[in-house]
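Work through these exercises with the sequence and the model open. Try each task before reading its solution.

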Amino acid sequence: MKKTALLLCVFAFAASAIFTGCQKTNEATLNLSAIFPLSGQVAFYGNETLDGIKLAVEEINAAGGLLGKKVNLLIEDDENNTSLAVSAFLRLATQNKVSVVMGSSTSGATMAIAPLAQQQGVVLISPSATNISVTEVGNFVFRACFIDPFQGVVGADFAFDHLNARRAAVLYDAGADYNTGLALAFIERFQERGGTIVARESYQSNDVDFNAQAVRIRASNADFVYLPNYYNDVALQALQLRAQGVNAALMGGDGWDSLIDEAGPEVIGGFWSAAFSSDTTDPRGAAFVQAFEARFGRTASQFAALGYDTMMIVAQAIRAAGSDNAVAIRDAMAQVDSAFVSGNIRFDENRNPIKGAAILEIQDRDGKLVNVYRATVNP
């Protein structure tokens, strides 16, 4: 479908999409559900992802829905709190009897509900939970994003090959699954390539003073600093590192998304691995970016793209299964091998997608920070 036609289709039928809270609906609709952090510190991730899903639902409903029914999206806010995620999942699984749950955004919340999905026989697919353990729970659990070890390997290879880094420092949240997973994978790969980890610093969630770690990193003479943390922490860390005289290149993972809205010039020249770049030249991706901006009035982030792809993966599986039965959807989803907005996706034996990662650089364009595509690293 051409871009213009796609936009007309989205706007002409946008009103036909149905979005509700967790409640019962009539038989003319097909209930699908979403659990994301829509408030709290990482609300950006959840809201971006949910808007991507909403755009996909609008397009699906405009084209006639699934199984002859309009898609009805049941939405829960977990606030990136594991207890709230569990409560939300149980409501959706036991009260609403859903077959599919999309969520959550972070690894911690997703890992809290993954065992429940396996026990209840509900398909769970996370757009962005990258910790390797997420899908190890069982065959009802999928993800649409690459996994932490891949991001860590990408970061190490990019630092070694493109930046000629040989002395790396790492600063990460030791109490968070996502941060630790990336950090350990980076460390292993960087050393494997022949590099040296000259400083290995950690902190605890909600810390705001990183000056002691920054002083030690400066003393290590690192030529590269890996910060596999969420954007709100990285904004403070980059500021304090620069204030302490650390001028080494900075890099992180997809948790850096929206960093340019939180940080200042101290992050210019920083790199991060992402699932999607809004300046993509791929026709499918470019059409999505145009449709998303027309619908929501802002540029699509990688989380929006992953949300959109997650919904489209679910839709493809439901169509292939010809049923809303969770087992049939699970089996059909395992066979997915198609082009999506964030690239071609097929699942390995652990239901992790085999796909590439984009490397973005933060640059200053006329006084405004922007993310600029630099390279794609494939498995």
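**Exercise 1. Which residues of H6 are buried?**

Two ground rules come first. This is a predicted model, in which local features need pLDDT of at least 70, side-chain atom pairs count only at pLDDT 80 or more, and totals for chains, interfaces and linings use all residues. Residues are numbered from 1 along each chain as its sequence is written, and side-chain values use heavy atoms, without hydrogens and water.

Step 1. Locate the helix: H6 covers residues 177–192. Helices (H or I, at least four residues) and strands (E, at least two) are DSSP runs, numbered from the N terminus.

Step 2. Apply the cut-offs: buried means under 20% relative accessible area, exposed over 50%, partly exposed in between (1.4 Å probe, protein chains only).

Step 3. Read off the buried set: Tyr178, Asn179, Thr180, Leu182, Ala183, Ala185, Phe186, Ile187 and Phe190.

Step 4. Find their partners. The buried residues of H6 pack against helices H4 (107–120) and H5 (148–162), and against strands E7 (167–173), E8 (196–203) and E9 (224–226). Contact means heavy atoms within 4.5 Å.

**Exercise 2. Check the span of H6 against its residue count**.

Step 1. The expected span is 1.5 Å times one less than the number of residues.

Step 2. For the 16 residues of H6 this gives 22 Å; the end C-alpha atoms are 22 Å apart, so the two agree.

Step 3. Look just past the helix: Gly194 takes a positive phi of about 110°.

**Exercise 3. Is Gln240 buried or exposed?**

Step 1. Gln240 sits in helix H8 (residues 231–243).

Step 2. Its relative accessibility is 11%, so Gln240 counts as buried.

Step 3. Beyond neighbours within four places in sequence, Gln240 contacts Val208, Asp209, Phe210, Asn211 and Ala214.

**Exercise 4. Inspect the backbone at Ser104**.

Step 1. Ser104 lies in the loop between strand E4 (100–103) and H4.

Step 2. The peptide bond from Gly103 to Ser104 is cis, with omega near -10°.
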